Amino acid sequence: MYQWRKFEFFEEKLGGGKCKIPEEISGKIECCSSGRGKLVIGCDDGTISLLDRGFNFNFIFQAHTSSVLFLQQLKQRNFLLSIGEDEQISPQQSGMCLKVFDLDKMQPEGSSTSSPDCIGILRIFTTQFPQAKITSFLVLEEAPPILLIAIGLDNGCIYCIKGDIARERITRFKLQVDSVSEKGNSSITGLGFRLDSQALLLFAVTPNSVSLFSMQDQPPKRQILDQIGCNINSVAMSDRLELIIGRPEAVYFYEVDGRGPCWAFEGEKKFIGWFRGYLLCVIADQRNGKNNFNVYDLKNRLIAHSLVVKEVSHMLCEWGNIILIMTDKSALCIGEKDMESKLDMLFKKNLYTVAINLVQTQQADAAATAEVLRKYGDHLYSKQDYDEAMAQYIHTIGHLEPSYVIQKFLDAQRIYNLTNYLENLHEKGLASKDHTTLLLNCYTKLKDVKKLNVFIKSEDGVGEHKFDVETAIRVCRAANYHEHAMYVAKKARKHEWYLKILLEDLGRYDEALQYISSLEPSQAGLTVKEYGKILIEHRPAETIDILMRLCTEDVDLAKGTSNGAYLSMLPSPVDFLNIFIHHPQSLMNFLEKYVDKVKDSPAQVEIHNTLLELYLSIDLNFPSISQAKNETDFNFKPRLAAPAMSRAVSNGRLIVNGKNSCMEKDTLERRQKGLRLLKSAWPSDVEHPLYDVDLAIILCKMNALNEGLLYLYEKMKLYKEVIACYMQAHDHEGLIACCKRLGDLVKGGDSTLWADLLKYFGELGEDCSKEVKEVLTYIERDDILPPIIVLQTLLRNPCLTLSVIKDYIARKLEQESKLIEEDRRAMEKYQEDTLMMRKEIQDLRTNARIFQLSKCTACTFTLDLPAVHFMCMHSFHQRCLGDNEKECPECAPEYRSVMEMKRSLEQNSNDQDRFFQQVKSSKDGFSVIAEYFGKGIISKTSNGSTGTFSSSCISSTSGF
């Protein structure tokens, strides 16, 4: 034990640590106790004094008549228990009493003194519990107000008192430790309570034995733990509730099952104590006769404090200090230094291991422990003990910034230490991306594949990696550890990284396709979009099969339900067009397969548009790409009569009878497919096609597919654009045939096409007599143009002679002559009718009318009086007419219809839109204008009446 280092971890407090018991305490100190911030001193004169912090006198009171033998201050309640001698009531009854004082209740006795309230007095010895010398005293606070009091005697007995002493509700029982007759000195030198779970145990020490009583048993059972004991004041209890006894040869610790560790501290142990994990011993040094007070740190095996003291009478612990009271009433107060001071002391001596053990045993916070470890590591590093330094730095992980350590070990010669530190950093889940990169680089530089395998395949408790996955993949890939990178990517479900390694680094396309097939459809679709270009380039057929499964999965099963809704949930082929950007042939194959299997795709318009671009492009490429690369020349005029004539591609230009027959054949087949798609995707019963019409027209023009262009113009009823195509090709035969088909009004055609056709021949500048004659036939048949317009149009062609239109002009003149004659005869008839009407009107104005009708027009009976005659020469019985009848029943309907027609014409004169619509839709617009003038709608006057007559009547009752 003399090898233990000595340190000054304690220092003297309260004025250098040396104090004096106040003079107010005049008697001999017999006993002491402490608690609740007070120091309690009992004297031989029966007084009890209380001192506060700094040994300041508080108050004193007379507790017993004679002497105070034992004291104990309770912790839970501010009660003080004392044992002392009082006056004897009788010679047979002892004066030894146990008193309980309530220090919170003070009873003033005079002006200067006061005493606490004594709430209970108990005679210790009775007839059943005979008198003996008291050698030890201990109180256990159970559930208030219950107390368990153990009183040790010199005869080897222990008197136990349990209950509420203040209310005198107690029970007494006796424990026998040693018999006086068996062994010499059997007095109880020490007691100690231990509450183990629910079991209450009592240690009892005599000079010859150590016993343990189980208090829950009735009666309590005794267990002998050892056959040796100790003297008074050499018994204490540790904070782990171990019994400590001091003997001259050693200090012994006892558990409930027997003797525990033994510490060979030689010398007579006058006092034994325990303070905050330290063992306190006052040892008599036989060599010089002095007393040494030592504070032992048993865990760290060091002496925390040592000094020579006078004769000690009592040892206490209060106010966080150790208090030694000497026999001369002087006192020594010793307190522990703070942790920082103790560590500084150790650091100056380079005792880092002691410092580490100290902070660990005293349960310092983790940050303080890490700081000590860091300093120790720095010390070892300065001595070039890198392995041990790293061992200390590893313990600081979580508190010390990793960069502090990493910078010290970046040298290539210390890469093993750095690797060890980074491994522990990852093990504790505190590594960043940079730490992962550095560790993997260490492995690759060391070529330690075994450790790399362990690190890559390590997982934490929940199955996740302890490092940043993407960083690990990137570093392994850069170091050509592709299998490790693939393992991490697959384990972490980083499909993009896994496929990138397979395709870009290893070129294992078949394995990549199998991996994509094993993924969920949504994830597979994302990966194909990302890496489809590479797959299409090297495995086009297999990639197309995967795309078909993604876009048409279980389409056949969905036909029985809502197929359209199901298809809308699947990926669309349009989403994958970008991967075919350099492989249009594969794109065409994919879309053809999709269209054959899926008939009502939500994206069929976009799919058909793309197919048209592919079918109609001359070099099987997207038109924009074709133009940008090859500057294709489409300015040629193929004959419409032979739309499927031989064409080939050479340098982006379409050339007849080319040499590259294979490309020629492929081009023709695709153009035929495109034409079929134009027609099949626009059924006759559908108003709009399943493709973009404007795009289709542009494609047909750019790629010179005139047959498709004509089809689209006809479907869109753009007949003028149709004949413009024929005109551009100078296909006169086809042009006339087209006008026959599209210019028939009966079939809903446009007759103005013949006028455009005649204008074309009139401006042609070559001999086209045959075609003009045929055109004039249809113009004459449908009376499309007047002869003067025909003449003006054909005059522009110098190659045409008068013989071409001679017959047409002769027929039109004859026809006009007939029409003039018919109009002349109609005019003469209208003039005669008008003259007769004017004469009749004049006759009605100037001459009388004679009514000679003998029968009633209504009933055909003989007309008799009273009768009514109308100016229209109709006569009626008055009885045959209705009341207030002023018009002829026979002529009134016709008259009203004429008037209604006139009003209608007057209303229509204000409807200009109708007038112009009739002029526009009529073959002869002038006839419509003449009709409006003839009906008086346009030339209506606002003057007075023109002599229009109504069928007014004359009434006669005299037979006139």
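Visitor: How do the axes of helix H22 and helix H23 sit relative to each other?
Guide: In this predicted model, the axes of H22 (residues 706-715) and H23 (residues 719-729) come within 8 Å and cross at roughly 155°. Because of that angle, H22 is roughly antiparallel to H23.

Visitor: Left-handed or right-handed crossing for H22 and H23?
Guide: Left-handed.

Visitor: OK, and which residues make the contact?
Guide: From H22 you have Leu 709, Leu 710, Tyr 713 and Glu 714. H23 brings in Tyr 719, Glu 721, Val 722, Cys 725 and Tyr 726. By class, the H22 and H23 contact has seven nonpolar residues, two charged ones and no polar ones.

Visitor: Let's do another pair. At what angle do H11 and H13 pack?
Guide: About 20°, with the axes of H11 (residues 495-506) and H13 (residues 521-538) 10 Å apart. An angle under 35 degrees counts as roughly parallel, so H11 is roughly parallel to H13. H11 passes H13 in a right-handed crossing.

Visitor: Which residues of H11 meet which in H13?
Guide: On the H11 side, they are His 495, Glu 496, Trp 497, Leu 499, Lys 500, Leu 503 and Glu 504. They meet Gln 523, Thr 527, Tyr 531, Ile 534 and Leu 535 of H13. That contact of H11 with H13 splits into six nonpolar, three polar and three charged residues.

Visitor: Zooming out, how many helices and strands does the chain have?
Guide: The protein chain has 31 helices and 35 strands. It has 960 residues, and 45% of them count as buried.

Visitor: What does Arg 670 touch?
Guide: Leaving out residues up to four places away in sequence, Arg 670 touches Met 588, Leu 614, Tyr 615, Ser 617, Ile 618, Asp 619 and Leu 620. Ser 617 is 53 residues from Arg 670 along the chain, and their C-alpha atoms are separated by 8.5 Å.

Visitor: And Trp 263, which strand is that in?
Guide: Strand S23, residues 258-263. Trp 263 counts as buried because its relative accessibility is 13%. Trp 263 and Leu 298 are 35 residues apart in sequence, with 8.6 Å between them in space, C-alpha to C-alpha.

Visitor: Switching to strands. How many residues of S17 are buried?
Guide: Eight of the eight in S17 (residues 199-206), so the strand is largely enclosed by the rest of the structure. Both faces are covered.

Visitor: How many bridges join S16 to S17?
Guide: Seven, and S16 (residues 190-196) runs antiparallel to S17. Asp 196 has Ala 199 as its bridge partner in S17. The hairpin of S16 and S17 has two residues between the strands, and Ser 197 in that hairpin takes a positive phi near 60°.

Visitor: In what sense do S17 and S18 pair?
Guide: Antiparallel again, over six bridges, with S18 spanning residues 209-214. Leu 202 has Phe 213 as its bridge partner in S18. A hairpin of two residues joins S17 to S18.

Visitor: Last one, the open sheet of four strands. What's the order?
Guide: S12-S13-S14-S15, with antiparallel pairing. The edge strands are S12 (134-141) and S15 (169-176), each pairing on one side only. From one strand to the next, the twist averages 15°.

Visitor: How many bridges join S14 to S15?
Guide: Eight bridges, with S14 (residues 157-164) running antiparallel to S15.

Terms used: Residues are numbered from 1 along each chain as its sequence is written. This is a predicted model: local features need pLDDT of at least 70, side-chain atom pairs count only at pLDDT 80 or more; totals for chains, interfaces and linings use all residues. Side-chain values use heavy atoms; hydrogens and water are left out. Two strands pair if DSSP finds at least two bridges between them. Axes are lines fitted to C-alpha atoms, for helices over the stretch in contact, and angles run from 0 to 180 degrees between N-to-C directions. Angles under 35 degrees count as roughly parallel, over 145 as roughly antiparallel, 65 to 115 as roughly perpendicular and the rest as oblique. A crossing is left-handed if the near helix is turned anticlockwise from the far one by less than a right angle, and right-handed if clockwise. Contact means heavy atoms within 4.5 Å. Ala, Val, Leu, Ile, Met, Phe, Trp, Tyr, Cys and Pro count as nonpolar, Asp, Glu, Lys and Arg as charged, and the others, Gly among them, as polar. Buried means under 20% relative accessible area, exposed over 50%, partly exposed in between (1.4 Å probe, protein chains only).
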